[in-house]
Amino acid sequence: MNAPLKALAEMRRLTTPFPEGTAVRAWQAEGGRVVGFVGLGVPEELIHAARMLPFRISADNESMPLHKAEACMLANTSSVARTFLQLALDGRYDFLDGVVVSPTNEGTRRLFDNWRAYVPRPYMDSIFLPLKHTEEACALYQADLEDWRSRLSEMRCAYIVDRDLARAIEVCNRGRELLQKLYALRKRERPPVTGAESLEIVKAAARMPREQFNDLLEALLRELAVSRRRIWKSKRLMVIGSDLENSTWIEAVEALDAVVVTDDLCTGTRYCFGQVDASLPPMEALARYYLLARTPGPRVWLAGERFAHILGLAEQYRVEGVISQVQRHDDDYGQDAAFLRKAMDERGIPMLEVEVDYGEGPSTEFTTRCEAFLGPLQSKGQAVPKLGASSGSPDRHAATVAAAKPH
C-alpha cells in the first residue's frame, strides 16, 4: 500500500479550512493583502509583483445549496458563477481585499456585477480577454493589462515596476516547471500519484504564497524520487472539460480500477503548461503567455488547437479512455462537444460524456455510468492510435484535427 505524501499533507494543512486557510491567515497576520481572481486571463504575476497574495476563487470538495445566488442570478446561469456568488454572499470570501475577474462568458460577467452590488470588496476590477489568438488581439490584451497595472498600483500606493514583475515571472515559472515535472511522472506505466492527488496539488498552487508552494512541491518531487510509490490500476484515463475542483469526483473514478493520468482542465494542464518568456519585456511576455501560449479553452476561435492539444495528450500519456465533464449551462463546452466527439471517434478513443453541477460530488448514477464505460476498456486493451511525430506541441497535431475544426 502506498504511503501518504508528507508534502501533500502539508499543502492540505496550509490550505485548510477552505477558503481562508492557514497560509492565508499567516499572510494576513503579517499585514499582507489578498486579491482573489476569477478566470485564466488574470496574470497572477501582476498581483504577486504588487506584493499581494493571488488567490484563485473556487469551490472545493463540497456541494452546497445555491438559494441566495439564484435569487440574484437565473438558474440557467452556469453553476460555476452561481457557486462563486453563493460563497461570496455567505461571507466565505470576506477575507479578500480585492477581486479581479476576467469574464469568459455571460455568467462570469453577471457574477462580477452581483458581487460588486451585494457584497463588494474594497477593490474590484475586471480585465478584457479577447476571443481570438492573434497578434492584434494580443496588443489589445496587453494594453488592458497595462491599464490594470496602473489601477493595481493605485491600490498598492506604489507603482509596480518591471523589476518586480520579472521576479514574479521567475517565481511563477518555477512553479509551472515543477508542476510539469509532476505531470511527466504520470506518463509512467505505473504513475506515482493519482489524479485526485494531482488535482489537490494544482489547487494548492493558487491558495498559498507561490514561493511556499514551490518549496513544498520540490519536497514532494524529492519524496517521489526516493520512494517506490506506484499506482496499480489497469486503465489509464484523461479528464477534460469545465472547471473541476472536487477531487472526490476523480477519487470515485479511480476507485473503479482506473487512474487519471492527465487532463485538459483549467485546474490542470491549461493552468500550468508552458512558460512566460522571460527574455521579453515583462508586460509583453505576460500578454503573450496568457493569451497566445496557453492552450485555449472552447471560448476561443478556432477549436483545432484545443483538439490537437487533447489528442496529443492522449497519445503522450497512453490514454485508454476519456471522461468529458461539462458543467450544466456552460455553453462554451457544451457547444463544441459534437466536434470533439467526432475527433475522438475518428481516432477510436472511447469518450464518456457527463453533465454535472459545479462542486457536486460523485452520484450513484455517475458511478454506474463510469463502471459501464470502464468495463469494456480492460478487454479492449487498445493503445491510442499514433498521430505522427509528437513533441507535445499542438502545432504538430494541427493537421490531424483539421476535419474536426468548427468554422
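Is Phe 84 buried or exposed? At 3% relative accessibility, Phe 84 is buried. The views below come from a predicted model, and the third one returns to this residue.

**View 1. Four parallel strands make up an open sheet.** Follow the strands in the order β2-β1-β3-β4. The edges are β2 (53-56) and β4 (123-126), each of which pairs on one side only. From one strand to the next, the twist averages 20 degrees. Look next at β3 (residues 98-101), which is joined to β4 by 4 bridges; here Val 100 stands opposite Asp 125. Helix α7 (residues 135-156) lies across β1 (34-38), β3 and β4, and runs at about 175 degrees to β4.

View 2. Phe 55 belongs to strand β2 and Tyr 93 to the loop between α5 (79-89) and β3, so the pair ties together parts 38 residues apart in sequence. Phe 55 is buried at 0% relative accessibility, and Tyr 93 is buried too, at 1%.

**View 3. Phe 84 pairs with Tyr 358.** The planes stand at 85 degrees and the centres 5.6 Å apart, so this pair is edge-to-face. Because Phe 84 lies in helix α5 and Tyr 358 in the loop between β8 (351-356) and α17 (364-380), the pair ties together parts 274 residues apart in sequence. Tyr 358 is buried, with a relative accessible area of 5%.

**View 4. Charged side chains sit over tyrosine rings.** Arg 186 lies over the face of Tyr 183, 4.8 Å from the ring centre. The charged end of Lys 187 sits over the ring of Tyr 317, at 5.4 Å from its centre.

Technical notes. Residues numbered from 1 in each chain as written. Predicted model: local features only at pLDDT ≥ 70, side-chain atom pairs only at ≥ 80, totals over all residues. Heavy atoms only, no water. Pairing = 2+ DSSP bridges. Helix = DSSP H or I, 4+ residues; strand = E, 2+ residues; numbered from the N terminus. Axes fitted to C-alpha atoms, helices over the stretch in contact; angles between N-to-C directions. Contact = heavy atoms within 4.5 Å. Buried < 20%, exposed > 50% of the residue type's maximum accessible area, 1.4 Å probe, protein only. Phe/Tyr/Trp six-rings, centres within 6.5 Å; stacked < 30°, edge-to-face > 60°. Lys NZ or Arg CZ within 6 Å of the ring centre and 35° of its normal.
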